[in-house]
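Good morning, and thank you for coming.

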Amino acid sequence: KMEASDQPVQILPVDVYGDSPTTTTFDVARGIVEASNAGVDIINLSLGGTGDSKFLHNVIKQSNDAGVLFLAAAGNEPVATPTYPAAYPEIMAVTSVDRRGNIASYANYGNFVDVTAPGSMVIPYNSSAFYVTGTSASSAYLSGVAAGMTSQTGSTPQQVGTAIRTVRAVK
């Protein structure tokens with residue numbers, strides 16, 4: 001077991017969209033490599049689509065094998081169809097739940113989904129408050145929980161991921 005860190009959690013934003021409302025699997029893969037090369041050990045992927053990419057999956061496998069914990073949004077189209085990259089086995093697929101703990105009406109579900117997290121929240125930013133909803137918010141929330149747990153407990157991201165999968169498993 002590693003010692004708990006007195007270092008604060010840091011966030012490294014990696015823009016894989018630029019000025020576009022869409023991105024490519026190549027740009028997502030490039031972002032993962034950039035984050036991994038910078039020493040990031042938890043990566044949140046609040047994005048997704050229906051396309052399966054061997055190239056992107058291989059990049060994710062390499063980072064996962066190096067100890068990176070991945071969390072990704074399951075999708076906001078209330079279907080059981082796998083969404084990528086969340087459906088890759090190396091990734092913790094996160095869906096949204098409502099205040100009662102039920103999968104949210106807008107959230108994807110299905111065998112590929114691993115865990116649940118709150119799907120609606122108010123985020124303070126620059127003296128304003130923003131209401132966000134969706135599995136991207138759920139994935140980001142749980143990524144923050146994982147980072148905090150890793151920092152406070154001294155556990156590896158992979159160990160924290162196992163604990164989260166146990167506590168937040170889809171019911």
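Let us begin with Ile43, which touches Ile32, Ala35, Ser36, Val68, Leu69, Phe70 and Leu71, not counting residues up to four places away in sequence; contact here means heavy atoms within 4.5 Å. This is a predicted model, in which local features need pLDDT of at least 70 and side-chain atom pairs count only at pLDDT 80 or more, while totals for chains, interfaces and linings use all residues. Residues are numbered from 1 along each chain as its sequence is written, and side-chain values use heavy atoms, with hydrogens and water left out.

Buried means under 20% relative accessible area, exposed over 50%, and partly exposed in between, with a 1.4 Å probe and protein chains only. Helices (H or I, at least four residues) and strands (E, at least two) are DSSP runs, numbered from the N terminus.

I turn to the helix pairs. The axes of H1 (residues 25–37) and H2 (residues 54–65) come within 9 Å and cross at roughly 15°. Axes are lines fitted to C-alpha atoms, for helices over the stretch in contact, and angles run from 0 to 180 degrees between N-to-C directions. H1 and H2 are therefore roughly parallel to each other, a term for angles under 35 degrees, with over 145 roughly antiparallel, 65 to 115 roughly perpendicular and the rest oblique.

How do H3 and H4 pack? Helix H3 (residues 135–153) and helix H4 (residues 157–167) pack at an angle of about 125°, with their axes 9 Å apart, and they are therefore oblique to each other. Leu142, Ala146, Met149, Thr150 and Thr153 in H3 meet Pro157, Val160, Ala163 and Ile164 in H4.

Finally, the loop between E3 and strand E4 (115–118) holds Asn111. Asn111 is exposed, with a relative accessible area of 84%. Its C-alpha atom is separated by 11 Å from that of Thr83, 28 residues apart along the chain.
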